[in-house]
There are 2 protein chains.
Amino acid sequence: MITITGIAKGSGMIRPDMATMLAFIATDAHLESGVLQQCLAAAVEQSFNRITVDGDTSTNDACVLVATAASPSPVLQPGDTGYTAFCEAVTGICIELAQAIVRDGEGATRFVTIAVESGGSSEECLQVAYTIAHSPLVKTALFAADPNWGRILAAVGRAGLPDLDIEAVAIYLDEVCIVRDGARASDYTEAAGQQVMGRDELTIRVALGRGSGRATVWTCDLSYDYVRINAEYRT
Amino acid sequence: MITITGIAKGSGMIRPDMATMLAFIATDAHLESGVLQQCLAAAVEQSFNRITVDGDTSTNDACVLVATAASPSPVLQPGDTGYTAFCEAVTGICIELAQAIVRDGEGATRFVTIAVESGGSSEECLQVAYTIAHSPLVKTALFAADPNWGRILAAVGRAGLPDLDIEAVAIYLDEVCIVRDGARASDYTEAAGQQVMGRDELTIRVALGRGSGRATVWTCDLSYDYVRINAEYRT
């Protein structure tokens with residue numbers, strides 16, 4: 001049996017690119033330090049490096065994984081089933097901590113998953129996901145629970161993808177399709193969109209219709225409290 | 001005698017990349033249409049394409065320059081002194097209109113010039129200027145009249161310039177040097193910084209210390225009213 005424990009702090013100035021976010025994970029597993037580093041790097045790439053509160057990277061992010069080797073379990077090595085399970089567990093903890101940082105984001109009232117799929121590559125999916133996640137117009141619409149599909153579609157359009165065929169783009173708010181073939185879905189009703197936007201947690205899913213790349217980013221809304229916290233933090 | 005008149009509207013969703021900004025300029029000068037287009041393109045590059053309110057490009061920017069040729073003045077051609085003077089006048093009007101759009105930005109309480117100099121190229125200076133102009137932390141500090149030099153320096157650092165020597169960087173708020181040699185200037189006092197930050201108009205000047213490139217961008221702060229306008233626009 002192996003135990004893994006993690007703690008993290010963040011709140012604003014959060015868009016780790018391994019930048020004031022701090023995360024510590026400890027385990028009693030036994031791994032060589034190089035192997036441990038490789039496991040952590042892969043986990044961080046899919047967790048802490050996929051969250052953003054305000055797009056401002058902080059100046060001293062750190063994520064530390066410590067292994068004491070005190071567990072009686074055997075040494076874990078790449079290729080072993082045990083190692084794969086260990087990496088999945090570490091990644092799972094990192095994702096849980098990373099999401100907790102977003103939920104605790106400065107002024108955040110809503111937790112939003114932005115999932116971009118069928119892109120030409122995972123890099124271009126990330127580019128679209130971050131453009132949506134950083135758009136002040138999308139973030140204020142999320143705060144207002146306003147299903148403003150035009151703001152989301154505009155962010156997709158200005159993300160800088162070469163030769164993007166906007167007519168191939170579809171956008172969903174959870175189970176509700178709001179944009180199909182690059183325009184407002186004909187069966188979409190604002191009541192349905194509003195109902196999703198009022199949820200504490202929701203997913204904006206964008207299908208680019210040009211490949212098999214995919215990427216997911218987690219973010220929050222932009223509220224009065226974000227402005228208050230960052231404008232009045234000394235008063 | 002030649003007359004040039006211009007009008008423009010903008011307010012949020014403003015970071016023209018020729019994007020809901022509309023500008024119309026009319027003149028009675030006589031120029032060929034190709035020459036007129038060339039003059040306008042150069043003017044727009046230094047004016048409308050150098051402003052940002054929130055980083056969200058709008059979907060239908062337009063800047064139109066119409067010349068009626070009704071003036072009795074001779075046809076203006078590239079190379080003529082008259083043409084140069086005409087282009088300078090058009091550029092001046094475009095800058096005035098572009099700045100007016102920023103002053104009228106959604107929720108804007110302060111007009112900020114971001115001037116980046118001594119960069120390796122004008123492109124990298126622009127990259128630094130836009131990173132500062134789009135930083136929610138810098139924008140909320142501007143709203144609060146808070147001389148938070150760390151937020152500005154952090155934006156310079158994350159702008160993505162290759163091999164940036166942070167120790168060569170200097171930052172000024174109007175006439176007050178806040179960062180010298182990459183760290184808080186030793187003679188800087190917070191009272192001096194606060195005095196500048198309280199002004200309705202101010203310049204953040206960044207010297208990168210690595211070349212002769214320069215670029216200027218105009219922007220505004222991020223206030224409660226930006227959030228209100230974009231979150232509650234339908235109520």
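1. Helix 7 of chain A and helix 4 of chain B are roughly perpendicular to each other, a label for angles of 65 to 115 degrees. In this predicted model, local features need pLDDT of at least 70, side-chain atom pairs count only at pLDDT 80 or more, and totals for interfaces use all residues. Residues are numbered from 1 along each chain as its sequence is written.

2. The axes of helix 7 (residues 224-231) of chain A and helix 4 (residues 136-143) of chain B cross at roughly 70 degrees and come within 8 Å. Axes are lines fitted to C-alpha atoms over the stretch in contact, with angles from 0 to 180 degrees between N-to-C directions. Helices are DSSP runs (H or I, at least four residues), numbered from the N terminus.

3. From helix 7 of chain A, Tyr226(A), Val227(A), Asn230(A) and Ala231(A) meet residues of helix 4 of chain B, including Pro136(B), Leu137(B) and Phe143(B); contact means heavy atoms within 4.5 Å. This helix pair's contact residues comprise seven nonpolar, two polar and no charged.

4. The contact takes 31 residues from chain A and 32 residues from chain B. Together the chains bury about 2600 Å², 54% of it on carbon and sulfur atoms; this is accessible area (1.4 Å probe) lost on being put together, summed over both.

5. Zero salt bridges are counted between chain B and chain A (a side-chain nitrogen of Lys or Arg within 4 Å of a carboxyl oxygen of Asp or Glu).

How values were computed:
Chains lettered and ligands numbered in written order. Heavy atoms only, no water. Helix = DSSP H or I, 4+ residues; strand = E, 2+ residues; numbered from the N terminus. Parallel < 35°, antiparallel > 145°, perpendicular 65-115°, else oblique. Nonpolar A, V, L, I, M, F, W, Y, C, P; charged D, E, K, R; others polar. Buried area = accessible area lost by both parts, 1.4 Å probe.
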